[in-house]
Amino acid sequence: MKDYYDVVVVGAGPAGSITAKTAAEKGLSVLLIEKRQEIGDPVRCAEGVSKVWLRKHINPESRWICADVKGSRIFSPDGTMIEMAEEVAGGEVGYVLERKLFDRVLAYESAKAGAQVFVKTRATGLIIEDDFVKGVRLMHWGQEYDVRCKIVIGADGIESKVGRWAGIDTSLKPVNIETCAQFLMSGTGIDQDYCYFYLGNEMAPSGYVWIFPKGGGLANVGIGILGSKSGKKTAFEYLNDFVADKYPDARILEVDVGGVPVSGSIERTTANGLMLVGDAARQSDPITGGGIINAMEAGRIAGEVACNAISEDDVSVERLNEYEEKWRSTIGLEIDNSLVVKNVFINFTDKELDGLAHSLQDVNFSSMSLLDLLYALFKANKKLLWDLRGLFRNVVKNELDFDH
Ligand SMILES: Cc1cc2nc3c(=O)[nH]c(=O)nc-3n(C[C@H](O)[C@H](O)[C@H](O)COP(=O)(O)OP(=O)(O)OC[C@H]3O[C@@H](n4cnc5c(N)ncnc54)[C@H](O)[C@@H]3O)c2cc1C
């Protein structure tokens, strides 16, 4: 390990690896550190991603894709099923990944581009001088190091400390965290071509149960519930109840627990000499909890902006504002829209959820834009039109901008 780099990236998840790769491809000297001894393990993810968006970053390889999904089946509390083809639902789930391999491949890509990668290396603090972040304090195999650099990237996930060390408020209230539990199971007997979602406040308060196929008869069966609504039962207990009821004979091969930020955009993701990316910047989707693609998108933007800023010898927060502007005007818009939906969704009763499902039952989803979907929903549910008026305005504006 050298004692000086252009960029130090803390955390080798999708956000960190894509940032490191992008910056290294542009000729910067880059250090990527990961506190765990194995990148990608343990997994805290249901591993679903959009095909279209994934392909913008990496060519899919069969060794880290477990399932190529045809569509989604969504069940309302009374069991009404809505089926969506992948092209419509696939904004979120098209492939189910093997993240233990996928995350490793992304880190390897960054190494191939020239980044140095160190595992079992934890950031323990920042070097801050004259109000500028100037480097990172590390613990590597029990030894402390100071590594200086021009820009630090905080890609340290939901548990991020890097932002806080730099004075950025990344704190999350319970209402802004989806607490999750997941089993990797055999013997559920699900159709491996579909992802399944179950809604209902009894089963998953202000959240949902998912079942994603993992190939070979396996499936990720998980639950996310809003931290503020979990009451006396934990996500793990809710999941146990669901599985005991639905799949009493299936077997649990792995247990994962974790949290997803669903706060929507935070006020600031940059400081002098520092950018936050991915879950560390709270860039996951507030309604689905999906964060892999946003993390990769933000990582690419941050890597590019790091290069621009360093080449101009200006890493001030004003110069790094290019990153804020770029991510907020792309993935940030989606995050804002999802936050509007989330704030309405978390207050739905089971009766209202059933009502929505009933109103969508005869809709042909195979040729439907988001605008068509909203129109069908609003036609049958006038109150929803009022609740989601902010979203409706955004979508109409975006579609009109796109048309022109
Ligand atoms: C149960 C569950 C299911 C999910 N399902 C999906 C899904 O189906 N689809 C989807 O898109 N998203 C899903 N998500 C969200 C998704 O996992 C995250 O949004 C995504 O991993 C964010 O990537 P990241 O690189 O920002 O952070 P992470 O993947 O969390 O990576 C951060 C890395 O930083 C490391 N790190 C932390 N602190 C330090 C430190 N001090 N020093 C060095 N390294 C450090 C961590 O060990 C970790 O490897 C799910 C999340 C959960 C919990």
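How many bridges join strand 12 to strand 15? I looked it up in this predicted model, where local features need pLDDT of at least 70, side-chain atom pairs count only at pLDDT 80 or more, and totals for chains, interfaces and linings use all residues. Residues are numbered from 1 along each chain as its sequence is written.

**The sheet.** I found nine bridges between strand 12 (residues 177-186) and strand 15 (residues 218-226), and the two run antiparallel. Strands here are DSSP runs of E of at least two residues, helices are runs of H or I of at least four, and both are numbered from the N terminus. Two strands pair if DSSP finds at least two bridges between them. I checked Met 185 too: its bridge partner in strand 15 is Ala 219.

Next I traced the whole open sheet, and its seven strands go 6-5-13-14-15-12-16, with mixed pairing. Strand 6 (81-85) and strand 16 (251-261) are at the edges with a single partner strand each, so one side of each has no neighbour in the sheet. From one strand to the next, the twist averages 20° (axes are lines fitted to C-alpha atoms, for helices over the stretch in contact, and angles run from 0 to 180 degrees between N-to-C directions).

**The ligand.** I then turned to the ligand and found 40 residues around it, with Gly 11, Gly 13, Gly 157, Gly 278 and Gly 291 the closest. A residue counts as near if its C-beta atom, placed from the backbone, lies within 6 Å. Strand 16 turned up again, giving the most to this shell with four residues.
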